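Welcome! Please take a moment with the sequence and the 3D view below, and then read on as we walk through them together.

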Amino acid sequence: MGVIKVPLPPQDTNVFQAAWGYITTILKGLFVTKMILVKQLFKLEKTETIEWPEEPADYGPRFKGKHFLTKRDDGNVRCTACFLCATACPADCIYIEAGEHKSKTIEKYPVRFEIDILRCVFCGFCEEACPVDAIRLGPEYIMLPADGTKWVYTKEYLVARTNLNGGIQSIKDEEEKHPEVTSLTHESKHHRSLVKHGKH
Ligand code: SF4
Ligand code: SF4
């Protein structure tokens, strides 16, 4: 295959022509910027800038903000100290200390559960990894140190800080958490049972 020769772009014939092109392009750019400024100053055009913190930011429902730990019906923390969130965390910022639970029906609970929020990258992997809806990333976007000074959020802070109004209950069954997936699972269970009993 032969070599394709690409011609050079057209050159300015002299230095005055080049300078003219340069200056007019800058002036056009400044004019566009100035027009936007004037329109937004006189409210002729909507600006996306918000005057935070006086004006609250409006994020979408899928926004992943500050973490919280959910509670069971009896008010205890839902977490079973399985370490799946800590294992999935790419920033290695979750620290858990597991303890044996008094109840025979619950194997373990977190004696300590801490998140070093300054290392967190808000990826949501912990929420995804949790099998019991014990940890979620909520809509709070203002990151403050717990108790005014601590950037390591403790279990107590994650379960019952003021904004959580006494704590959030976990979603108990899979149907509420993943309705589409659960209905599919039910269908396939029904299908399997029909096959097993020779009715399909
Ligand atoms: S959001 Fe990501 S980085 Fe932050 S604690 Fe969860 S897994 Fe770790
Ligand atoms: S928050 Fe969920 S994933 Fe993390 S240790 Fe507790 S139960 Fe396991």
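Leaving aside its neighbours within four places in sequence, with which residues is histidine 67 in contact? They are Ile115, Ile135, Leu137, Tyr153 and Leu158. Two residues are in contact here if their C-beta atoms, placed from the backbone, lie within 7 Å.

Before going further, some notes on the source. This is a predicted model, in which local features need pLDDT of at least 70 and side-chain atom pairs count only at pLDDT 80 or more, while totals for chains, interfaces and linings use all residues. Residues are numbered from 1 along each chain as its sequence is written, and chains are lettered from A and ligands numbered from 1 in the order in which they are written.

**The overall plan**

The protein chain has six helices and five strands. Helices (H or I, at least four residues) and strands (E, at least two) are DSSP runs, numbered from the N terminus. Read from that end, the elements follow the pattern α-β-α-β-β-α-β-β-α-α-α. Take the contacts between residues at least 6 apart in sequence: 65% of them join residues at least 24 apart.

Let us return to histidine 67, which lies in strand 1. Histidine 67 is buried because 22 other C-beta atoms lie within 10 Å. The cut-offs are these: a residue is buried if 20 or more other C-beta atoms lie within 10 Å of its own, exposed if 12 or fewer, and partly exposed in between, with C-beta atoms placed from the backbone. By this count, 12% of the 200 residues of the protein chain are buried. Histidine 67 and phenylalanine 122 are 55 residues apart in sequence, yet their C-alpha atoms are 8.9 Å apart in space.

In soluble globular proteins, nonpolar side chains tend to be buried together. A nonpolar core is a set of buried Ala, Val, Leu, Ile, Met, Phe, Trp, Tyr and Cys residues joined through C-beta atoms within 7 Å. The largest one in this model has 18 residues, and Leu69, Cys79, Ile135 and Leu158 have the most contacts inside it. Strand 1, strand 3 and helix 4 each supply at least two residues of this core, and helix 4 gives the most, with three. Isoleucine 135, leaving aside its neighbours within four places in sequence, is in contact with His67, Leu69, Cys79, Cys85, Cys126, Glu127 and Cys130.

**The sheet**

Strands of a sheet pair through backbone hydrogen bonds, either parallel or antiparallel. Here, an open sheet of three strands has the order 2-3-5, with antiparallel pairing. Strand 2 (94–100) and strand 5 (152–153) are the edge strands, each pairing on one side only. Two strands pair if DSSP finds at least two bridges between them. Seven bridges link strand 2 and strand 3, and alanine 98 has proline 110 of strand 3 as its bridge partner. Strand 3 (residues 108–116) is joined to strand 5 by two bridges; isoleucine 115 has tyrosine 153 of strand 5 as its bridge partner.

**Around the ligands**

Which residues come nearest to each ligand? The table gives them, together with the number of residues around each ligand. A residue is near a molecule if its C-beta atom, placed from the backbone, lies within 6 Å of it.

| Ligand | Residues around it | Those that come nearest |
|---|---|---|
| Ligand 1 | 14 residues | Cys89, Cys120, Cys123, Phe125 and Cys126 |
| Ligand 2 | 13 residues | Cys79, Cys82, Leu84, Cys85 and Cys130 |

For the classes, Ala, Val, Leu, Ile, Met, Phe, Trp, Tyr, Cys and Pro count as nonpolar, Asp, Glu, Lys and Arg as charged, and the others, Gly among them, as polar. The shell around ligand 1 has 13 nonpolar, one polar and no charged residues. Around ligand 2, the shell has twelve nonpolar, one polar and no charged residues.

**Backbone details in the loops**

Tryptophan 52 and proline 53 are joined by a cis peptide bond, with omega about 10°. Proline 53 sits in the loop between helix 1 (15–41) and strand 1 (67–69). Lysine 43 also lies in the loop between helix 1 and strand 1, and its phi is near 55°, a positive value in a residue other than glycine. Lysine 43 counts as exposed because it has 8 C-beta neighbours inside 10 Å.
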